[in-house]
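Biologist: I would like to learn how to read a model of this kind. Please take me through the features in turn.

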Amino acid sequence: MKQDFIVDRLRKARRVVPDFLLSEKLVDDLNSVEFEIPNEMHFDLYLLRFQQRNKAQELFPVAKSMVDDDVIAILYEPETISILQLHDFSSGALERSHTFDEFEDWLKFRQEES
């Protein structure tokens with residue numbers, strides 16, 4: 001699956017891998033709302049720059065918008081994992097637009113927003 005490299009990086013970092021990342025339909029779900037998995041060849045640089053911009057958070061990006069600077073990331077907090085949609089290149093501090101308990105909640109939100 002296209003997202004296998006993301007799953008591998010999470011496992012190497014000893015992070016919990018959310019179930020949605022193991023879904024065979026993830027790429028289709030993302031494409032249906034104009035999001036995509038970052039390019040594997042450039043992901044390490046993308047991840048480094050993303051984490052530099054969002055230092056205060058335990059975030060791991062998994063997909064980016066094809067039309068704007070929105071990103072969905074896994075937010076690791078003590079005891080919980082959330083899906084965070086944010087504006088990646090907002091000026092100043094991290095700009096959260098929405099937080100979701102489940103990927104399916106985020107997907108439904110994006111479908112309704114379109």
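Modeller: Start with the secondary structure: the chain has 4 helices and 5 strands. Helices (H or I, at least four residues) and strands (E, at least two) are DSSP runs, numbered from the N terminus. This is a predicted model, in which local features need pLDDT of at least 70 and side-chain atom pairs count only at pLDDT 80 or more, while totals for chains, interfaces and linings use all residues. Residues are numbered from 1 along each chain as its sequence is written, and side-chain values use heavy atoms, with hydrogens and water left out.

Biologist: What share of the residues counts as buried?

Modeller: Buried means under 20% relative accessible area, exposed over 50%, and partly exposed in between, with a 1.4 Å probe and protein chains only. Of the 114 residues, 40% are buried.

Biologist: And what about contacts between residues at least 6 apart in sequence?

Modeller: A contact means heavy atoms within 4.5 Å. Of the contacts between residues at least 6 apart, 46% join residues at least 24 apart.

Biologist: How many positive and negative side chains are there?

Modeller: Lys and Arg count as positive, Asp and Glu as negative, and His and the chain ends are not counted. Each charge is placed at NZ of Lys, CZ of Arg, CG of Asp or CD of Glu. The chain has 14 positive and 24 negative side chains, with the centres of the two sets 7 Å apart.

Biologist: How should I read an aromatic pair?

Modeller: A pair of aromatic rings is described by the distance of the centres and the angle of the planes. Here, rings of Phe, Tyr and Trp (its six-membered ring) pair if their centres lie within 6.5 Å; planes under 30 degrees apart count as stacked, over 60 as edge-to-face and the rest as tilted. The structure holds 8 such pairs. One of them is Phe20 with Phe103, stacked at 4.6 Å centre to centre with 5 degrees between the planes.

Biologist: Which parts does the pair of Phe20 and Phe103 tie together?

Modeller: Phe20 lies in the loop between helix H1 (4-12) and helix H2 (26-32) and Phe103 in helix H4 (residues 103-113), so the pair ties together parts 83 residues apart in sequence. Phe20 is buried at 9% relative accessible area, and Phe103 is buried at 4%.

Biologist: What is the geometry of the pair Phe43 and Phe60?

Modeller: Their ring centres are 5.9 Å apart and the planes lie at 45 degrees, so this pair is tilted. Phe43 belongs to helix H3 (residues 43-53) and Phe60 to strand E2 (residues 59-65), 17 residues apart. Phe43 and Phe60 are both buried. One aromatic cluster is formed by Phe5, Phe43, Tyr46, Phe50 and Phe60.

Biologist: Which residues of H1 are buried?

Modeller: An α-helix has 3.6 residues a turn, so residues three or four places apart point the same way. In H1 the buried residues are Phe5, Ile6, Val7 and Leu10. Their cover includes H3, E2 and E3.

Biologist: What follows H1?

Modeller: Arg14 follows H1, and its phi is positive, near 60 degrees. Arg14 sits in the loop between H1 and H2 and is exposed at 78% relative accessibility. Glu79, likewise not a glycine, has a positive phi of about 75 degrees. Glu79 is placed in the loop between strand E3 (70-77) and strand E4 (80-87) and is exposed at 82%.

Biologist: Is Phe35 buried or exposed?

Modeller: Phe35, in strand E1 (residues 35-36), is buried, with a relative accessible area of 0%. Beyond four places in sequence, Phe35 touches residues including Leu30, Ala63, Ile72 and Trp106.

Biologist: Where is Gln3 placed, and what is Gln3 in contact with?

Modeller: Gln3 is in the segment before H1 and counts as buried at 1% relative accessibility. Leaving aside neighbours within four places in sequence, the contacts of Gln3 are Leu21, Leu22, Ser23, Leu26, Val27 and Ile37.
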